[in-house]
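Please read them with the structure open.

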Amino acid sequence: MITFILNNKTIKTSEHSGMTLLDFVRYEQRLTGTKIGCREGDCGACTILVGTVENDVIQYQSITSCISPLGNAHGKHIVSIEGTNLKDKLTAQQEAMKANYATQCGFCTPGFVVSLTGFALSNSEKNYSNALDAIGGNICRCTGYKAIEKAAHQVVSNLKDKTEDYSFNWLIENEFIPKYFATIPERLKDLEAKDINQPKGKYVSGGTDLYVQQADHLVDNSVHLIADKNYLKGISIENDVCTIGTNSTVSDLWNHSELNTCFPKLKEHLKLVSSEQIRNMASFGGNLVNASPIGDMTIFFLALNSDVIILDPEGKERKKALKHFYQGYKTYDLKDGELLKAISFKLPPMQSFFNFEKVCKRTHLDIASVNSAIYISVENNIISKAHVSIGGVAAIPKYLHETSKFLTGKRLSSETILEANDLLQSEISPISDVRGTSDYKSLLARQLFFAHFMELFPKQFTLNDFVQYA
């Protein structure tokens with residue numbers, strides 16, 4: 001029995017756990033404020049909030065319900081647009097949308113309001129940049145966004161005096177959320193949400209890729225949900241080795257203070273990956289076993305020369321270098337019944353540099369045409385270590401073995417980089433598809449490779465150093 005709280009109502013249902021949360025909310029509960037848009041997690045019209053109790057504190061995150069399995073709601077607080085409403089008055093977020101004329105046809109409005117509510121409930125710093133991140137996954141066809149951005153600015157202004165004790169009282173008193181929110185933490189603790197029966201079936205974690213490709217199949221067939229398996233969660237650092245559980249999400253990485261110190265541009269890189277809703281849902285394990293040639297986080301971890309830890313049904317572990325994990329298009333070294341348990345890599349030492357680049361049709365939140373990452377160590381202007389990865393130019397997420405080997409031990413100079421690019425071009429084999437021709441992808445691979453060095457060493461390299469290719 002799947003048990004959770006939907007808005008202010010306790011739900012106990014025997015519906016198929018692979019059913020989408022969106023369909024349950026709309027068709028079983030008749031809460032039609034949550035809209036059906038793209039059914040691919042792109043438009044944000046179906047945004048809801050998920051509240052989870054962690055260490056006696058409830059944390060809320062926004063997700064796209066169109067690609068989230070109903071079973072993942074088990075034991076949690078689910079909030080649709082109806083659950084954010086006050087009696088006979090507008091919430092602070094709704095009032096901000098109204099005051100700034102931030103809605104026209106209204107189809108997208110519930111998603112924006114829910115995302116702004118999630119921002120108000122979150123632990124993130126209440127600044128304008130974070131507010132825009134919160135609504136970055138919501139698309140509007142009417143307004144041109146400026147009015148919505150003004151509404152977000154008003155919400156930030158209204159939150160400026162919010163206390164830091166993470167009490168709901170201030171938000172309730174200032175009309176951001178209804179009063180019943182104050183009862184939810186205790187109600188979730190009292191909820192008898194025992195582990196649901198997990199039949200043999202397709203492993204599903206966040207579902208952000210599987211439900212785009214196979215939603216109808218997953219709704220009608222058995223799924224084995226693993227998103228809440230604690231042994232697949234967590235980020236730990238020990239002896240300069242970072243180990244990330246494969247159920248961890250991009251948001252977990254985003255919010256990790258020590259990793260943000262090791263990678264100063266981490267959030268800037270992760271903004272290129274997906275919207276906040278998807279960052280809150282998508283698991284690293286799912287990204288890796290999706291085996292997409294353009295998987296952003298796969299390219300990210302390949303450049304860090306990561307290992308994956310694989311768990312068999314008997315609980316035995318084995319380790320495999322990620323750069324040797326992929327065997328062909330959508331195929332990898334994972335036997336029946338095995339799961340990816342964790343990803344591990346050594347933290348970059350001093351004089352080491354990391355960069356991630358991506359080109360797609362939209363600047364953010366889109367599938368890459370080509371993406372690339374580099375991890376490089378430099379001592380006395382000599383490259384002591386180099387790992388380069390690139391996506392969209394081969395049948396698999398590509399670790400550039402020969403290019404990385406060539407760079408190691410060379411002087412950091414434009415001549416070295418130009419020679420390395422020639423080798424890079426021989427290592428890749430792009431094909432023409434909807435995201436570009438093979439020639440275009442070869443050009444992007446070259447330009448992103450040059451961009452790594454211009455970004456990491458701006459005083460040493462400019463576009464003029466590669467002008468023969470510009």
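1. A residue counts as buried under 20% relative accessible area, as exposed over 50%, and as partly exposed in between. The model is a predicted one. With that cut-off, Phe457 is buried, because its relative accessibility is 10%. Phe353, at 25%, counts as partly exposed.

2. Phe353 and Phe457 form an edge-to-face aromatic pair, with 4.9 Å centre to centre and 65° between the planes. Phe353 belongs to strand S15 (residues 352-360) and Phe457 to the segment after helix H18 (438-456), so the pair ties together parts that are 104 residues apart in sequence.

3. The structure holds 22 aromatic pairs. Another edge-to-face case is Phe168 with Phe181, at 6.1 Å centre to centre and 70° between the planes. Here helix H6 (residues 168-173) supplies Phe168, while Phe181 is in the loop between H6 and helix H7 (184-190); the pair therefore ties together parts 13 residues apart in sequence. Both Phe168 and Phe181 are buried.

4. One aromatic cluster is made of Phe263, Phe284, Phe300, Phe301, Phe345, Phe354 and Phe356.

5. Two charged ends sit over rings: that of Lys126 over Phe119, 5.4 Å from the ring centre, and that of Arg279 over Trp254, 4.3 Å from the ring centre.

6. Is Lys76 buried or exposed? Lys76 is buried, because its relative accessible area is 11%. Lys76 is found in the loop between strand S4 (57-64) and strand S5 (77-79). Beyond its neighbours within four places in sequence, its contacts include Thr3, Phe4, Ile5, Leu188 and Asp228.

7. Strands S1 (residues 2-6) and S2 (residues 9-13) pair in the antiparallel sense over five bridges. Leu6 has Lys9 in S2 as its bridge partner. Two residues lie between the strands of this hairpin, and Asn7 takes a positive phi near 55°.

Notes
Residues are numbered from 1 along each chain as its sequence is written. This is a predicted model: local features need pLDDT of at least 70, side-chain atom pairs count only at pLDDT 80 or more; totals for chains, interfaces and linings use all residues. Side-chain values use heavy atoms; hydrogens and water are left out. Two strands pair if DSSP finds at least two bridges between them. Helices (H or I, at least four residues) and strands (E, at least two) are DSSP runs, numbered from the N terminus. Buried means under 20% relative accessible area, exposed over 50%, partly exposed in between (1.4 Å probe, protein chains only). Contact means heavy atoms within 4.5 Å. Rings of Phe, Tyr and Trp (its six-membered ring) pair if their centres lie within 6.5 Å; planes under 30 degrees apart count as stacked, over 60 as edge-to-face and the rest as tilted. A charge sits over a ring if NZ of Lys or CZ of Arg is within 6 Å of the ring centre and within 35 degrees of the ring normal.
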